[in-house]
Amino acid sequence: MEIGKLYEIYSTDDECFSVGYLLYQNVDICIFKAFDDQGREAGLYAFKKKIISSCLSGTEYLAKMKLYIDYWKDKEIKTLSMNDFDGEISIRNILEYIISSKNIATIMINSYDDMYTGFVSESDAVSVVMECVDISNAKVYDRIKINVEDICFIEFNSVDNDVLLYAYRNLNGKHDYCK
């Protein structure tokens, strides 16, 4: 795969895929700037390479998506970057960034059936603690411990999670933190 190229990214479910530009890759992970089906920036997606079943480029669908993405370039919408990362990029470093930024993230463990959204609040040598936020009501419903080695996907700096964070803060009287 080439940095800066647009891909359809297939993982554990061959029926569903993400679309994004490859921003970074190393031996273990790939990070994409992902786009929704209307061509708007959706978030940064970090995939462990072991869960990527295929990446397609040059498809008719991607030709259309490039036009959709171009459409939004001069519009006033949030843009995403990886400028906040210095040095080596790893799952652990992404988690530390999420903890320090106090943003909501989505973490997948093993499959789409094990996906959690919420605040990553603590970290030790092998695990992190996540305060899970219910996307239907923006309230914390559980606190779970996640082994870092089991994480195969992280969605961060995403529009969906930013909107959920805004709702969480407003519904829970934390207005002073609202963007």
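Predicted model: local features only at pLDDT ≥ 70, side-chain atom pairs only at ≥ 80, totals over all residues.
Residues are numbered from 1 along each chain as its sequence is written, and side-chain values use heavy atoms, with hydrogens and water left out. Helices (H or I, at least four residues) and strands (E, at least two) are DSSP runs numbered from the N terminus.

**Strand β4 and its partners**

- Strand β4 (residues 41–48) is largely enclosed by the rest of the structure, because eight of its eight residues are buried; buried means under 20% relative accessible area, exposed over 50% and partly exposed in between, with a 1.4 Å probe and protein chains only.
- Strand β3 (residues 29–35) runs antiparallel to β4, and seven bridges join the two; strands pair if DSSP finds at least two bridges between them.
- Cys30 stands opposite Phe47 in β4.
- Five residues separate β3 and β4 in a hairpin, and Gly39 in the turn has a positive phi of about 90 degrees.
- β4 is also joined to strand β10 (residues 151–156), antiparallel, by four bridges, with Leu44 having Phe156 as its bridge partner in β10.

- In α2, the buried residues are Ile91, Ile94, Leu95, Tyr97, Ile98 and Ile99, and their cover includes β3, β4, β6, β7 (115–123), β8 and β10.
- Just after α2, Lys102 has a positive phi of about 55 degrees.

**Aromatic pairs**

- There are eleven aromatic pairs in the structure; rings of Phe, Tyr and Trp (its six-membered ring) pair if their centres lie within 6.5 Å, and planes under 30 degrees apart count as stacked, over 60 as edge-to-face and the rest as tilted.
- Tyr10 and Phe17 form a tilted pair, 5.0 Å centre to centre with 35 degrees between the planes.
- Tyr10 counts as buried because its relative accessibility is 13%, whereas Phe17, at 34%, counts as partly exposed.
- Ring pairs also link Tyr7, Phe32, Tyr45, Phe47 and Phe153 into a cluster.

Notes. Contact = heavy atoms within 4.5 Å.
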